[in-house]
Amino acid sequence: MPLNTYSPSTMTRSLAKHVKVVEVGPRDGLQNESGPMLHASVKANLIDQLAAAGLTHIEVAAFVHPKWVPQMANSAQVLQLITRHKHVSYSALTPNMKGLERAIEAGVDEVAVFGAASESFSQRNTNCSIAQALERFEPVAKAALDAGLKVRGYVSVVVDCPYEGPVSPSMVADVAEQLIDMGCYEVSLGDTIGTATPGRMLEMVNVVSQHVPVRQLAGHCHNTYGQALANVLMLLEAGVTTFDSSVAGLGGCPYAKGASGNLATEDLAYMLHGLGIKTGIHLDRLVRVGQNISDLLGRTNGSNAGQALNGQAC
Ligand code: HMG
Ligand code: MG
């Protein structure tokens with residue numbers, strides 16, 4: 001069916017009834033804050049508030065080199081200070097065995113390895129080639145699974161790379177497939193610099209889903225060009241039912257100059273709820289969390305829905 005003939009009634013019939021939202025604000029959001037590192041208690045408080053707002057998957061930390069991402073240096077303390085909820089999975093990035101060891105010691109429920117679909121981005125982000133990164137991830141995934149942890153995979157720059165330009169969907173498919181083969185239960189597809197438009201996103205996911213079942217794919221859309229919600233909707237129509245987002249649209253990527261934060265979780269929840277899709281998120285509570293952290297950081301709230309609903313009953 002040509003895309004422009006969709007009406008809301010035909011769309012909602014074919015969309016998922018429930019979507020899993022992975023809140024990445026405490027990691028993807030805060031990793032990019034300039035200035036002194038946020039105190040671990042501030043981060044832990046944010047994470048607790050997100051759990052209280054109904055988020056069940058929260059990426060809380062990154063066990064990466066503190067020299068490269070100074071804001072994540074207190075990741076272990078953050079995990080210590082969180083009030084754990086049984087229904088919440090607390091995850092962290094682990095680029096190598098050293099990161100995994102630190103994450104296990106800190107008591108994460110889940111870890112994520114992060115690869116890229118372009119050589120230049122891989123080098124800048126993880127100081128190694130795509131193949132070397134995947135080679136490093138294998139023992140990390142195995143050891144994490146042996147320790148009873150779930151392992152998630154990321155592929156960055158799935159549409160455009162800030163250094164190389166357009167990225168071939170087959171490259172994305174290849175990296176995603178290797179991540180699944182090493183035991184990742186899900187692969188999150190990152191539009192790292194937020195340049196993707198829905199048609200290109202669809203083209204990419206159509207190729208990737210020939211190699212990885214669509215139920216194992218997630219969307220991770222940065223909102224630099226304001227395309228993130230449109231891209232999510234396109235991925236939803238393609239059958240993706242897991243999306244990453246960041247409260248108040250916090251963040252960016254330290255290795256992708258100019259990239260803005262992820263899609264705001266408030267905006268994602270507002271759209272999904274409007275389509276009759278359940279997320280488990282209490283939007284009214286989340287809006288307060290988003291405004292609180294924006295005020296605390298002295299930033300404009302990056303969520304449109306958050307700004308509109310702030311102070312209103314919603
Ligand atoms: P490297 O320098 O190649 O590592 O860094 P190395 O193995 O050569 O070791 C060098 C030194 O680093 C050694 O210390 C290691 O112990 C130490 P020394 O002997 O010199 O004292 N080291 C570590 N320290 C703490 N934790 C560790 C660790 N590993 C080694 N885990 C590495 C390789 C990957 C660690 C580094 O390049 C790094 O930390 N990069 C940061 C990458 C990052 O966090 N990027 C942002 C997150 S990804 C992202 O935002 C994209 C995403 O959101 C999706 C999207 O939007 O597309 C996920
Ligand atoms: Mg990201």
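Q: How many cavities of 30 Å³ or more does a search of the whole structure find?
A: Just to be clear, this is a predicted model. The search of the whole structure turns up 1 cavity of 30 Å³ or more.

Q: What volume does the largest cavity have?
A: About 40 Å³.

Q: And which residues line the largest cavity?
A: The lining includes Lys-20, Val-22, His-57, Glu-59 and Tyr-185. Strands β1 (20–23) and β2 (57–62) each supply at least two residues of that lining.

Q: How does that lining split by class?
A: The largest cavity's lining has 2 nonpolar, 2 polar and 5 charged residues.

Q: OK, switching to the ligand. Where does ligand 1 sit?
A: Ligand 1 is in the largest pocket. Elements giving two or more residues to the shell around it are α2 (25–29), α5 (97–106), α6 (119–126) and β5 (150–156).

Q: Which of them gives the most to the shell?
A: That's α5, with 3 residues.

Q: How many residues surround ligand 1 overall?
A: There are 28, and among the closest are His-65, Asn-96 and Thr-192. By class, the shell divides into 11 nonpolar, 12 polar and 5 charged.

Q: How much of ligand 1 does the protein bury?
A: Taken alone, ligand 1 exposes 1,100 Å², and the protein buries 75% of that.

Technical notes:
Residues numbered from 1 in each chain as written. Chains lettered and ligands numbered in written order. Predicted model: local features only at pLDDT ≥ 70, side-chain atom pairs only at ≥ 80, totals over all residues. Heavy atoms only, no water. Near = heavy atom within 4 Å. Areas by Shrake-Rupley, 256 points an atom, 1.4 Å probe, with all protein chains shown as cover. 1 Å grid on protein atoms, 1.4 Å probe; cavity = no way out; pocket = protein on both sides within 12 Å on 5 of 7 lines; lining within 4 Å. Sits in = over half its atoms within 2 Å of the grid points. Helix = DSSP H or I, 4+ residues; strand = E, 2+ residues; numbered from the N terminus. Nonpolar A, V, L, I, M, F, W, Y, C, P; charged D, E, K, R; others polar. Points joined across faces, edges and corners; volume = space filled by probe spheres on them.
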